[in-house]
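I set out to record what I looked up in this entry, beginning with the ligand and then turning to the domains and the backbone.

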Amino acid sequence: MDRIRIVGGNELRGTIPISGAKNAALPLMIASLLTDETLMLHNVPHLADVEQLIRILGNHGVDYSVNGRRSSQQEGYSRTINFTAKEIVDTTAPYELVSKMRASFWVIGPLLARMGECRVSLPGGCAIGTRPVDLFIDGLRALSAEIDIEQGYIVARAKNGLVGARYAFPKVSVGATHVLMMAATLAKGETILENAAREPEVVNLAECLNAMGAKVSGAGTGTIVIEGVARLHGARVEVIPDRIETGTYAMAVAMTGGDVILEGARGDLLQSALDTLGLAGVEISETNSGLRVARNGAGIGPVEVTTEPFPGFPTDLQAQLMGLMTMAKGRSKITETIFENRFMHVQELARLGANISLSGQSAIIEGVDRLRGAPVMATDLRASVSLVIAGLAAEGETIVNRVYHLDRGFERLETKLSNCGAAIERLSS
Ligand code: UD1
């Protein structure tokens with residue numbers, strides 16, 4: 001199992017290219033199930049989760065081809081990939097595949113819309129809370145699907161096709177918004193989704209669906225209206241830059257000090273996180289090529305933050321912010337409202353010398369003057385990168401074990417950081 005070795009203490013200086021967003025690429029790839037023509041996606045990140053979804057889609061009959069030449073410099077970075085679901089050969093998404101990646105459950109929307117039936121395994125346990133699927137079931141039922149649960153599978157049927165309806169989400173869910181939006185594109189009549197997720201990835205999916213011939217409006221607001229059409233066609237769509245990767249590297253620079261251009265980053269995708277960093281004393285500015293992040297001299301100020309659906313502070317940056325606040329000048333408070341049990345990084349950060357106490361959904365972080373390197377364990381995708389951020393500033397050597405979590409969502413992390421002066425390397429075994 002690969003590990004990452006970091007020797008902390010170096011400032012970051014240079015340029016970090018921001019990859020295509022994992023959380024946008026996944027639903028866009030799944031949207032390819034809605035048409036028998038080719039969906040060409042630009043800027044797809046090279047990540048374990050993307051490779052896994054390619055295998056899962058292949059099981060349903062989706063062919064793919066990777067386009068375009070890459071110079072050796074770009075080897076391993078975002079690519080253009082064509083997805084073609086000429087024929088759906090299997091409408092079952094088996095447990096062995098869905099249990100490996102929760103987002104693959106989202107195939108339920110397009111499979112049901114295009115084929116009128118499907119069998120999709122319930123996703124099963126997850127390291128960051130229970131993550132139920134009740135909203136997907138309620139929402140698809142509202143579109144006239146018949147849904148049964150049999151032996152761990154959701155069996156969904158709409159023999160005469162889905163029918164548009166008004167559905168108000170009782171809770172904001174990114175995944176359920178993606179699924180209902182995709183399903184409604186091929187439903188008869190109009191669907192109105194209220195209290196929909198407003199995340200930029202939802203907007204990117206709506207753009208993709210519209211490029212495929214769908215009639216979706218309002219994405220990015222709480223109300224999305226979808227006028228059903230008879231069929232969708234092929235399209236070319238660009239995956240948006242990864243706002244979580246952007247925020248993560250911004251926090252890494254804030255942690256070490258230095259001056260870095262996050263190339264291709266879009267500040268409007270993570271304004272709330274940038275505002276938080278601004279309050280903490282980090283300098284952030286827009287440039288022609290992306291965002292510039294700098295911290296010189298003065299230390300990091302403490303902050304109080306609560307995670308919220310977009311446009312609030314994202315849960316996917318909570319662990320990283322906590323990593324940063326371990327060395328702030330004072331007491332910070334971070335409250336997690338999206339997922340229960342999303343504090344597994346706390347005890348690992350404590351191994352590096354952080355002073356964090358938990359009280360219900362909140363973490364109180366007393367900033368310390370120094371962290372000391374240690375072996376630590378990655379527990380999930382975002383938690384693991386918070387350990388990297390802390391390790392970059394810790395004295396001596398930090399070894400991050402179970403790096404496969406990082407590889408699910410961060411493209412070439414160690415290369416991007418070492419190109420900016422960090423002492424970081426992958427130890428393969
Ligand atoms: C997506 C992101 C994930 C991010 C999360 C919240 C992807 C691949 N993943 O996950 O990185 O952390 O949004 O921004 O895009 N819920 C229910 N019932 C349901 C569905 C969800 O109660 O049927 C709850 C969840 O348990 C959670 C909350 O709703 O408490 C939000 O989850 P959701 O937005 O659905 O997260 P994902 O789409 O799985």
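From which domains does the shell around the ligand draw at least three residues each? I worked on a predicted model, and I found that domain 1 (3-18 + 241-427) and domain 2 (22-238) each give at least three residues to that shell.

**Entry 1: the ligand shell.** I listed 19 residues around the ligand, and those that come nearest are Asp134, Ser173, Val174, Asp316 and Ile338. The largest share, three residues, comes from α5.

**Entry 2: polar atoms at the ligand.** I looked up the distances from side chains to the ligand. For Asp134, an N or O atom of the side chain is 2.6 Å from a nitrogen atom of the ligand. For Ser173, I read 2.6 Å between a polar side-chain atom and an oxygen atom of the ligand. For Asn23, a polar side-chain atom lies 3.1 Å from a ligand oxygen atom. I also looked up the cover: of the 750 Å² of accessible area that the ligand has on its own, the protein covers 89%.

**Entry 3: the two domains.** I next took the division of the chain into domain 1 (3-18 + 241-427) and domain 2 (22-238). Their C-alpha centres lie 30 Å apart. I counted 24 residues of domain 1 and 21 residues of domain 2 in the contact. The size of an interface is often given as the accessible area lost when the parts come together, so I looked up that value as well. About 2,000 Å² is buried between domain 1 and domain 2, with 51% of this area from carbon and sulfur atoms. On the domain 1 side, Phe310, Arg408 and Glu411 lose the most area to domain 2, and together they make up 31% of what that side buries.

**Entry 4: backbone geometry.** Phe310 came up again here, for its peptide bond to Pro311 is cis, with omega near 10 degrees. I placed Pro311 in the loop between β18 (304-306) and α10 (318-325). I also marked Ser144, which is not a glycine and yet has a positive phi of about 75 degrees. Ser144 sits in the loop between α5 and β8 (146-150). I noted both sites because most residues other than glycine have a negative phi, and most peptide bonds are trans.

Conventions. Residues are numbered from 1 along each chain as its sequence is written. This is a predicted model: local features need pLDDT of at least 70, side-chain atom pairs count only at pLDDT 80 or more; totals for chains, interfaces and linings use all residues. Side-chain values use heavy atoms; hydrogens and water are left out. A residue is near a molecule or strand if one of its heavy atoms lies within 4 Å of it. A polar contact is a pair of N or O atoms within 3.5 Å; within protein, one must be able to donate a hydrogen and the other to accept it, and residues adjacent in sequence count only if both atoms are side-chain atoms. Accessible areas come from the Shrake-Rupley method with a 1.4 Å probe; for residues, only the protein chains shown count as cover. Helices (H or I, at least four residues) and strands (E, at least two) are DSSP runs, numbered from the N terminus. Domain bounds come from an automatic or database domain assignment. Contact means heavy atoms within 4.5 Å. Buried area is the accessible area (1.4 Å probe) that two parts lose on being put together, summed over both.
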